[in-house]
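Hi everyone, thanks for coming. Please have a look at the screen while I bring up today's protein.

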Amino acid sequence: MNNAGANALSKVPEVTLIFWIIKIFATTLGETGGDAVSMSMHLGYLVGTGIFAAVFLLAVFAQVKANGFHPFLYWTTIIATTTVGTTLADFADRSLGIGYAGGSSLLFILLMASLAIWYRTLGSVSVNTVSAPKAEMFYWLTIMFSQTLGTALGDWTSDTAGLGYGGGAAVFGALLLLVVAAYFRTKISHTVLFWAAFILTRPLGAVVGDFLDKPLAAGGMALSRYMASAALLSFIVFCILAFEHKATEKAH
C-alpha cells in the first residue's frame with residue numbers, strides 16, 4: 001500500500017504542529033489529573049491506577065472498534081494513557097520502592113521491546129500504518145509504556161537529579177528542539193524521530209504538571225489540581241475544535 005492509501009486509512013491524526021501542542025497539554029493534564037485522583041482525593045496510587053486503567057481499556061476498545069479517525073475519541077484515549085501512566089509510575093517508583101532510576105530503566109526496556117515486537121510482527125512502526133486492529137493494539141501499548149516512562153523520567157530529572165521543575169522542563173524542551181532540528185536538517189528516519197518526540201513530550205508535560213500543582217515549598221505554584229486539570233482540558237477541547245474547523249474548511 002502506498003503512503004497516500006495508508007494515510008487515508010490511518011486512525012490517528014495527521015502529525016502537525018497542533019498535534020504536538022495538544023499532545024503536550026494532554027501529558028500535562030495526565031499529571032495534574034492523575035495527582036488529583038491519587039493524591040487530592042486520597043485514593044492512593046494503586047486505586048488511581050485501577051480507575052484509569054479501566055478508562056484506558058474502554059477507550060482503546062472503542063478506538064479499535066471505531067470506523068475511522070474520531071478526534072475526541074482519539075484524544076480521550078491519549079489522555080487516558082497519560083493519567084494511567086502517571087499513577088502507575090508513581091505506584092511503581094514510590095509504593096513498590098523501585099525508585100525513579102529503576103522504574104525508568106524497566107519501562108525503557110518494555111517500550112523498546114514493544115516497538116521491536118511491533119516491527120518484527122508487522123514490518124513497520126509508522127503511525128501511517130495504524131488502521132488494522134493488530135497495529136492499533138501495538139500502537140496503544142507502546143504509547144502506554146511511553147507515557148509511563150515519561151512520568152518516571154520527569155520525576156527522576158526534577159527530583160533525584162535535583163534539576164527542579166524548571167530545569168527538567170528546560171532539559172526536555174531542549175531535547176525536543178534537537179529532534180525538530182534533526183527532522184529538518186538530517187536524513188534520520190521520520191518514524192524514529194516521531195517516537196523520540198512522542199516519548200519526550202511526556203516528561204516535559206510531567207514536570208510542567210508538577211510545577212503547576214506542587215506546593216510552593218517544593219518549587220511548584222500550588223495551584224488546585226482540579227482547576228489546573230479543568231483549564232488544561234478546556235484548552236485541549238478548544239484546540240481539537242479549531243483543528244476540526246480548519247480541516248472542514250480545507251475539505252471544502
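Which residues line the largest cavity? Before I answer, a word on the model: it is predicted, local features need pLDDT of at least 70, side-chain atom pairs count only at pLDDT 80 or more, and totals for chains, interfaces and linings use all residues. Residues are numbered from 1 along each chain as its sequence is written, and side-chain values use heavy atoms, leaving out hydrogens and water.

Now the answer: the lining is Pro13, Glu14, Ile18, Phe19, Ile22, Phe69, Pro71, Trp75, Ile240, Phe243 and Glu244. A cavity is a set of points on a 1 Å grid over the protein atoms alone where a 1.4 Å probe fits but cannot get out, and lining residues have an atom within 4 Å of a point. The largest cavity has a volume of about 70 Å³, the space filled by probe spheres set on the points. Helices H2 (17-40), H4 (71-95) and H9 (225-251) each supply at least two lining residues; helices here are DSSP runs (H or I) of at least four residues, numbered from the N terminus. By type, the lining has nine nonpolar residues, no polar ones and two charged.

Next, a pair of helices. H6 (residues 133-160) and H8 (residues 190-213) pack at about 45°, with axes 8 Å apart. They are therefore oblique to each other, the class left once angles under 35 degrees (roughly parallel), over 145 (roughly antiparallel) and 65 to 115 (roughly perpendicular) are taken out. Their contact (heavy atoms within 4.5 Å) includes Tyr139 and Ile143 of H6 and Trp195 and Phe198 of H8.

Key:
Axes fitted to C-alpha atoms, helices over the stretch in contact; angles between N-to-C directions. 1 Å grid on protein atoms, 1.4 Å probe; cavity = no way out; pocket = protein on both sides within 12 Å on 5 of 7 lines; lining within 4 Å. Nonpolar A, V, L, I, M, F, W, Y, C, P; charged D, E, K, R; others polar.
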